[in-house]
Amino acid sequence: MSHPRISLEQWRTLVAVVDRGGYAQAAAALHKSQSAITYAIQQLEAQLGVRAFTVQGRRAVLTPTGELLVRRARALVEDAAGLEDAAR
């Protein structure tokens, strides 16, 4: 069984960037610096060898691969939360 290379926190960060509408908003929601959010996304992209976002003007826009990642990440984050709730 291989070990995941991407942490649950990185997946949560990806979902937060999309749900909150940007890096700065995700940083505020997650109580982290914007540079920490940027670094987490850069590491996720580097570890997977894909681009989740492209920059258009001042906006980060999901790539088609990013859209797939966010859908799967959202399910993963929800499953993790459900597992934590079940354990309680």
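At what angle do helix 1 (residues 8–20) and helix 4 (residues 64–87) pack? The angle is about 120 degrees, and the axes of the two helices lie 9 Å apart. Helices here are DSSP runs of H or I with at least four residues, numbered from the N terminus; axes are lines fitted to C-alpha atoms over the stretch in contact, with angles from 0 to 180 degrees between N-to-C directions.

The model is predicted: local features need pLDDT of at least 70 and side-chain atom pairs pLDDT 80 or more, while totals for chains, interfaces and linings use all residues. Residues are numbered from 1 along each chain as its sequence is written, and side-chain values use heavy atoms, without hydrogens and water.

**Helix packing**

Helix 1 and helix 4 are therefore oblique to each other, a class that takes the angles left over by roughly parallel (under 35 degrees), roughly antiparallel (over 145) and roughly perpendicular (65 to 115). In their contact (heavy atoms within 4.5 Å), residues of helix 1 including W11 and V15 meet residues of helix 4 including L69 and A73.

**Pockets**

A pocket is an open set of points on a 1 Å grid over the protein atoms alone where a 1.4 Å probe fits, with protein on both sides within 12 Å along at least five of seven lines; lining residues have an atom within 4 Å of a point. Volume is the space filled by probe spheres set on the points, which are joined across faces, edges and corners.

| Pocket | Volume |
|---|---|
| Largest pocket | About 430 Å³ |
| Second largest pocket | About 170 Å³ |

The largest pocket has 20 lining residues, with V17, Y23, F53, R59 and A60 nearest its centre. Helix 3 gives the most to this lining, five residues. The second largest pocket is lined by W11, L68, L69, R72, A73 and L76, and helix 4 contributes the most there, also with five residues.
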